[in-house]
Amino acid sequence: MSRLPGLNPPKSAARNAAEPHQVPEADEVSWQREMADAICDPAELLECLQLTPADVPDADVSGDSLFRTLVPRSFVRRMKPGDPADPLLRQVLPMMSERRHVDGFVPDAVNDHAAHRAPGLLQKYAGRVLLIASGACAVHCRYCFRREYPYGREPRRLKDWRTALNAIRDDSSISEVIFSGGDPFMLNDRRLSELCRLADEISHVERIRFHTRLPVVLPSRVTPELLTLLTSLRSQAVIVIHANHGNEIVDDCADALRSIVRSGLPVLNQTVLLKGINDSVDVLRDLSRRLINTGVMPYYLHQLDQVAGTAHFQVDAARGRVLVDELAKQLPGYAVPRFVQEVAGEASKRPA
């Protein structure tokens with residue numbers, strides 16, 4: 001794939017690549033450098049793709065969005081230059097539509113507030129809890145259901161997790177801990193290892209699940225050190241990634257996913273049904289095929305959570321059911337995701 005204008009690595013990175021003795025030993029430095037070089041300006045994002053604001057009339061290039069732009073350049077390299085309708089671009093480009101009030105679309109559509117059990121700890125379903133392990137993400141998806149979550153109130157230092165971990169330790173009904181956020185893989189290996197260790201030493205915790213988009217948008221995060229960390233846990237680690245379109249599952253992303261799968265870890269994918277991005281049988285079929293061919297199991301197709309600022313992505317649930325029914329006719333059963341919806345207060349996700 002040809003490199004786009006403005007997407008070359010920093011000169012310092014290129015120089016280090018040519019002089020091995022200058023490369024830091026930790027692979028971790030590579031992905032952290034990529035994050036530091038991520039695109040934070042929507043106008044720059046368009047320029048990198050040889051587009052202007054006139055090409056995308058509804059684009060919000062003001063830079064004053066309450067939910068700022070953040071896109072790793074490795075993800076931008078998978079977008080098609082000159083195409084304002086590119087499905088990966090549409091997931092991350094802020095639009096003026098986000099500023100419009102739409103009835104029924106609210107800041108906390110899934111009622112995270114009511115599920116807050118302790119600092120950094122949410123519980124919605126029996127037997128499992130969710131840790132807001134990090135408030136940071138590698139990419140800001142415009143349909144994010146936690147785009148207004150108060151991450152600043154949640155634990156940051158290791159000692160601040162004591163209350164949440166004690167709550168898990170005192171409740172023997174909890175068999176699974178979900179590391180989410182934000183994105184737990186935004187923690188460096190040392191911090192992630194420490195938090196994993198504290199959860200893993202709780203005897204009744206059988207599984208630690210990691211909800212992450214980094215293997216998709218920032219594949220360099222998948223290092224041998226990370227895989228060693230995950231495979232050395234007493235508890236069974238489960239990785240749940242998030243990809244919405246087959247164009248995401250290419251090149252270094254596909255390689256990173258295969259490396260996780262071949263390390264012995266189960267990997268599942270969650271997709272959000274998004275208007276103009278993946279609301280067609282052809283797109284969803286291609287996504288499932290690419291996932292399966294890397295060893296990743298299609299898990300959920302989510303009906304959009306009705307979060308303020310996301311109404312322009314909504315697809316009617318009836319259309320979603322038609323799409324999944326058609327997928328079932330064209331793919332083996334294990335390649336067809338379940339079409340689900342999260343409803344605040346219910347005991348589980350329900351069929352959409």
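Is Arg 190 buried or exposed? Arg 190 counts as exposed, because its relative accessibility is 52%. The legends below describe close-up views of a predicted model.

View 1. The side chains of Arg 190 and Glu 194 meet in a salt bridge, at 3.4 Å from N to O. The two residues are four apart in helix α8, so about one helical turn separates Arg 190 from Glu 194. Glu 194 has a relative accessible area of 22% and is therefore partly exposed.

**View 2. Packing of helix α8 against helix α10.** Helix α8 spans residues 189-200 and helix α10 spans residues 224-231. Their axes lie 11 Å apart, at an angle of about 5°. That angle makes α8 roughly parallel to α10. From α8, the contact uses Asp 189, Leu 192, Ser 193 and Cys 196. From α10, Glu 225, Leu 226 and Leu 229 take part. By class, four residues of this contact are nonpolar, one is polar and two are charged.

**View 3. The largest nonpolar core.** This core holds 80 residues. Leu 45, Met 79, Ile 168, Phe 179, Leu 192, Phe 210 and Ile 239 touch the most other members. Helix α8 gives the most to the core, with five residues. Apart from this core lies another, of 13 residues, including Leu 327, Ala 335, Val 336 and Phe 339.

**View 4. Surroundings of Ile 168.** Residues up to four places away in sequence are not counted here. Ile 168 touches Leu 121, Val 129, Leu 131 and Ile 174, among others. Val 177, Ile 202, His 204 and Val 205 are also among the residues it touches.

**View 5. Thr 163 in helix α7.** Thr 163 lies in α7, which covers residues 162-169. Its relative accessibility is 46%, so Thr 163 counts as partly exposed. Leaving aside neighbours within four places in sequence, Thr 163 is in contact with Ala 118 and Pro 119. The C-alpha atoms of Thr 163 and Asp 286 are separated by 44 Å, with the two residues 123 apart along the chain.

**View 6. Further salt bridges.** The model has 25 salt bridges. Asp 282 forms one with Arg 285, the closest N and O atoms being 2.9 Å apart. Both residues belong to helix α12 (residues 281-293); being three residues apart, they are separated by about one helical turn. Arg 285 counts as buried, because its relative accessibility is 16%. Salt bridges that share partners join Asp 112, Lys 124, Arg 146 and Glu 342 into one network. Asp 160 and Arg 157 also meet in a salt bridge through their side chains (3.1 Å, N to O). Asp 160 is partly exposed, at 27% relative accessible area.

Terms used. Residues numbered from 1 in each chain as written. Predicted model: local features only at pLDDT ≥ 70, side-chain atom pairs only at ≥ 80, totals over all residues. Heavy atoms only, no water. Axes fitted to C-alpha atoms, helices over the stretch in contact; angles between N-to-C directions. Parallel < 35°, antiparallel > 145°, perpendicular 65-115°, else oblique. Contact = heavy atoms within 4.5 Å. Nonpolar A, V, L, I, M, F, W, Y, C, P; charged D, E, K, R; others polar. Core = buried A, V, L, I, M, F, W, Y, C linked by side-chain atoms within 4.5 Å. Buried < 20%, exposed > 50% of the residue type's maximum accessible area, 1.4 Å probe, protein only. Salt bridge = Lys/Arg side-chain N within 4 Å of Asp/Glu carboxyl O.
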